[in-house]
Amino acid sequence: MTETLRSDALRRGRPGYDQRGILEVAVAAFNEHGYDATSIGMLADRLGLSKSAIYHHVSSKDELLALALDEALDGLEGVLRAPEATTGPAADRLAYVLRGAVRVLADRLPYVTLLLRVRGNTEVERAALARRRAFDHAVAELVAEARAEGSLRTDADPAVVARLLFGMINSLTEWYTPSGPLTPDDLADTILALALR
């Protein structure tokens, strides 16, 4: 009897998902269809689970979004908190942050892609955008410090420079393939060469 039950379970092919697995499928769906157009029912179909099985791991679609955005933002904020980003010449700290941001993007590509697509339609999105603005502000301050120490041109506004640098980095979400020939360090070297030399 036990053998028959085990065989039936295998035949049904019901996968076992933990919260992380559900989150990965949700992020793919959010990026493919948009957050608003993705329902828990759609996720349940993709996962081969019931809605209640999903709710066993998360309380709502908003929680999935918050977890996904935290994944991207925690990585970026972690770069800013590293000792290499807080001590030494500003140009070196800026280079470290830019390189770190490229690595975070490459390592967490679907999550950063989702972060770049949020528009502030929900409380979760507004909180994520506030964190992203704080990150951008910190990078602009680094640019200003590097400019003041003579490491960068002085004829451009630091906030504009920071936005342009991250425009370059963020564009990677549109074309970069982690399995392709370019490593995150290759990309960072190119970006740093263009931006800082």
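Lys61 sits over the face of Tyr35, 4.3 Å from the ring centre, where a charge counts as over a ring if NZ of Lys or CZ of Arg is within 6 Å of the ring centre and within 35 degrees of the ring normal. Please keep in mind that this is a predicted model, in which local features need pLDDT of at least 70 and side-chain atom pairs pLDDT 80 or more, while totals for chains, interfaces and linings use all residues. Residues are numbered from 1 along each chain as its sequence is written, and side-chain values use heavy atoms, with hydrogens and water left out.

Turning to ring pairs, there are three aromatic pairs, counting rings of Phe, Tyr and Trp (its six-membered ring) with centres within 6.5 Å, and calling planes under 30 degrees apart stacked, over 60 edge-to-face and the rest tilted. The rings of Phe135 and Phe166 have centres 5.4 Å apart and planes at 85 degrees, so this pair is edge-to-face. Because Phe135 lies in helix H9 (residues 123-148) and Phe166 in helix H10 (residues 158-170), the pair ties together parts 31 residues apart in sequence; helices here are DSSP runs of H or I, at least four residues, numbered from the N terminus. Both Phe135 and Phe166 are buried, meaning under 20% relative accessible area, with exposed over 50% and partly exposed in between, for a 1.4 Å probe and protein chains only.

Trp175 and Tyr176 also form an edge-to-face pair, at 6.4 Å centre to centre and 90 degrees between the planes; Trp175 is partly exposed at 47%, whereas Tyr176 is buried at 7%.

Note on methods. Helix = DSSP H or I, 4+ residues; strand = E, 2+ residues; numbered from the N terminus.
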